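Reader: I am new to this structure and would like to talk it through. Could we begin with the aromatic rings and then turn to the strands?

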Amino acid sequence: MTTDALPTQVKLLPATPQLKGLMTIIRCKDTPRADFIFYADRIIRLLVEEGLNHLPVIDKVVQTPTGTDYQGIDFEGRICGVSIMRAGESMEQGLRDCCRSVRIGKILIQRDEETHKPKLFYAKLPKDIESRYVLLLDPMLATGGSAMQAVQVLLENNVQEDRITFLNLIASPEGMNAFVKRYPKIKIVCAEIDDTLDKNKYIVPGVGDFGCRYFGTD
């Protein structure tokens, strides 16, 4: 999937030397866990900042200490984050760093061993989530199954599709195409789109198991 072929709702971070350098570090299999966490957190912060740029705003006038009016803006509505456990939890602190006291919900989805399809195991969402703009958090978009199941949970809790922004570090073309085809109104902010999926449905070149590398578990 080339940049020119991207659907209009997909926003890729600019391919700056800084981003390429950060990606090089976290993709390297020899990167120590402490470095992986530090540099992944930097990318996550870039994603959150860009995601916030796509939320609706309203005009707001404030007075500066010089007694002069400043023509500014404010967010139109309240936001919340929803992480897809467990890898998505790595993105929660980056959101908190940008949005103080932000509310964060959690969704646990795992693949059914018999059907190989995503299955919902747990969901804990803010009670007023239907009135908020939602930043959905998951670093890896492989087949897209878990992300699409998570969106379905949000829709069933009366969140409007066009109020959801999906923040994602690395996606496969297959997963991205499946996601945007099913949910064309959802904005996606992604750091990089990789080449393909391998026979085991891992993104390649990818980064391995993001959750295991970030949290230090097998």
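**Aromatic pairs and strands**

Reader: How many aromatic pairs are there?

Author: The model is a predicted one, and the count comes to six aromatic pairs. In one of them, the ring centres of Phe38 and Tyr39 are 4.9 Å apart with planes at 85°; angles over 60 degrees count as edge-to-face, so this pair does too.

Reader: Is Phe38 buried, partly exposed or exposed?

Author: Phe38 is partly exposed, at 48% relative accessibility. Tyr39 is also partly exposed, with a relative accessible area of 23%.

Reader: And what about Phe166 and Phe179?

Author: Their ring centres lie 5.3 Å apart and their planes meet at 25°, so the pair is stacked. Phe166 belongs to strand 9 (residues 164-171) and Phe179 to helix 5 (residues 173-182), so the pair links distant parts of the chain, 13 residues apart.

Reader: Are those two buried or exposed?

Author: Phe166 and Phe179 are both buried.

Reader: Which residues form the aromatic cluster?

Author: Phe36, Phe210, Tyr214 and Phe215 form one cluster.

Reader: Which ring does the charged end of Arg163 sit over?

Author: That charged end sits over the ring of Tyr133, 4.2 Å from its centre.

Reader: Turning to the strands, do strands 4 and 5 run parallel or antiparallel?

Author: Strand 4 (residues 79-85) and strand 5 (residues 103-111) run parallel, joined by six bridges. Ser83 has Lys106 in strand 5 as its bridge partner.

Reader: How is strand 5 joined to strand 6?

Author: Six bridges join strand 5 to strand 6 (residues 118-124), and these two run antiparallel. Leu108 stands opposite Tyr122 in strand 6.

Key. Residues are numbered from 1 along each chain as its sequence is written. This is a predicted model: local features need pLDDT of at least 70, side-chain atom pairs count only at pLDDT 80 or more; totals for chains, interfaces and linings use all residues. Side-chain values use heavy atoms; hydrogens and water are left out. Two strands pair if DSSP finds at least two bridges between them. Helices (H or I, at least four residues) and strands (E, at least two) are DSSP runs, numbered from the N terminus. Rings of Phe, Tyr and Trp (its six-membered ring) pair if their centres lie within 6.5 Å; planes under 30 degrees apart count as stacked, over 60 as edge-to-face and the rest as tilted. Buried means under 20% relative accessible area, exposed over 50%, partly exposed in between (1.4 Å probe, protein chains only). A charge sits over a ring if NZ of Lys or CZ of Arg is within 6 Å of the ring centre and within 35 degrees of the ring normal.
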